[in-house]
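Subject: Structure handover

Hello,

Here is the structure I said I would pass on.

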Amino acid sequence: MKQFISLFTLLLLSNFIFAQEEIDASKPTNFYTQLYNHLEYNYSKNGADTYGYRAEFMFAPSDAHLFLAEMPLLHNTETGKTGIGDFRARYFYLPYKNYDKFFGAFGPSVDIFAPTGNYDDGLGSGAWLVQPGVTVGLMIADWIQMFPILSYQYTSAPVLERPGLFQDPQHGMSFQIITPIILSEKMFLQVTPIYTASNIGMERNDRYIQEFIAQYALSDKLQLSGFYRGVFKDDNHTARLALVVFL
């Protein structure tokens, strides 16, 4: 009996070990439990730059569900203040994924940004942002795919009264295309053009944003990631360097 139990346990462990898939973090519809440790610098044309650390934790209980929590700790060079920034949470549900088809993935998601950062210290936006959206995956080739995302964007009225802040809730939209480009088994790029309109039907505030990610696998569970985001209309730029740990 003991030999049978030992053999059964060994078979279970072997099945678990050999069933592990190779990590492919290039596709946003591949869900993994992981921690991004970002070192971040934000440049603003008005001189109020910020820099610090951003923790981004993703929990994937299955291939169909992803939960994300993100919290920055920043220093503002103009105010001299250090503290937490705005908290972000996301839920992503993926009911369909089949990379053998051209239409390879589909699922809704919702992002929530909470105004936990101090606005007067230059560490927060001063408003809630809720952004539900829909993602599809287009499998163009083994080395390149496209993931268009269409989102509605709700920005609440400011949680405090300050000169210069808008006073009413805003309704907007955004459209982006995450484009993974596989360079090798260990390295990929993501090129993401983004169009946003933050106040549809009123005083529209349209922006074109460009993001780039380059990520390299150091080992089976560690990856190094570089990120750039440019909001060219406002002359705002963000750069991050991250160590990614898969759990």
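Predicted model: local features only at pLDDT ≥ 70, side-chain atom pairs only at ≥ 80, totals over all residues.

Residues are numbered from 1 along each chain as its sequence is written, and side-chain values use heavy atoms, with hydrogens and water left out.

Salt bridges

There are 9 salt bridges in the structure (a side-chain nitrogen of Lys or Arg within 4 Å of a carboxyl oxygen of Asp or Glu). One of them joins R54 to E40, at 2.4 Å from N to O. R54 is in strand β2 and E40 in strand β1 (residues 34-43), so the partners come from distant parts of the chain, 14 residues apart; strands are DSSP runs of E, at least two residues long, numbered from the N terminus.

E40 also forms a salt bridge with R240, where the closest N and O atoms are 2.9 Å apart. This pair links strand β1 with strand β14, across 200 residues of sequence. E40 is buried, with a relative accessible area of 4%; R54 is buried at 10% and R240 at 18%. Buried means under 20% relative accessible area, exposed over 50%, and partly exposed in between, with a 1.4 Å probe and protein chains only.

A further bridge is formed by D111 and R88, with 3.0 Å between the closest N and O atoms. D111 belongs to strand β7 (residues 103-114) and R88 to strand β5 (residues 87-93), 23 residues apart. Both D111 and R88 are buried. Through shared partners, salt bridges join E40, R54, E70, R88, R90, D111 and R240 into one network.

Nonpolar core

The largest nonpolar core has 15 residues, and the members that touch the most others are F31, Y36, M58, L66, F92, L94 and F246. Such a core is a set of buried Ala, Val, Leu, Ile, Met, Phe, Trp, Tyr and Cys residues joined through side-chain atoms within 4.5 Å. Strands β2 (50-62), β3 (65-76) and β14 (236-246) each supply at least two of its residues, and β14 gives the most, with 3. Neighbours within four places in sequence aside, F246 is in contact (heavy atoms within 4.5 Å) with I23, A25, Y32, T33, Q34, K221 and Q223.

Aromatic pairs

The structure holds 6 aromatic pairs. Rings of Phe, Tyr and Trp (its six-membered ring) pair if their centres lie within 6.5 Å; planes under 30 degrees apart count as stacked, over 60 as edge-to-face and the rest as tilted. Y96 and F103 are stacked, because their ring centres are 5.8 Å apart and their planes are at 20°. Y96 is partly exposed at 29% relative accessibility, as is F103 at 40%.

Y208 and F232 are also stacked, at 6.4 Å centre to centre and 20° between the planes. Y208 lies in strand β12 (residues 206-217) and F232 in the loop between β13 (222-231) and β14, so this pair ties together parts 24 residues apart in sequence.

Strand β11

T196 is in strand β11 (residues 187-197) and is buried, with a relative accessible area of 11%. Beyond four places in sequence, T196 is in contact with M173, S174, N205, D206, R207 and I209.

Regards

Methods:
Helix = DSSP H or I, 4+ residues; strand = E, 2+ residues; numbered from the N terminus.
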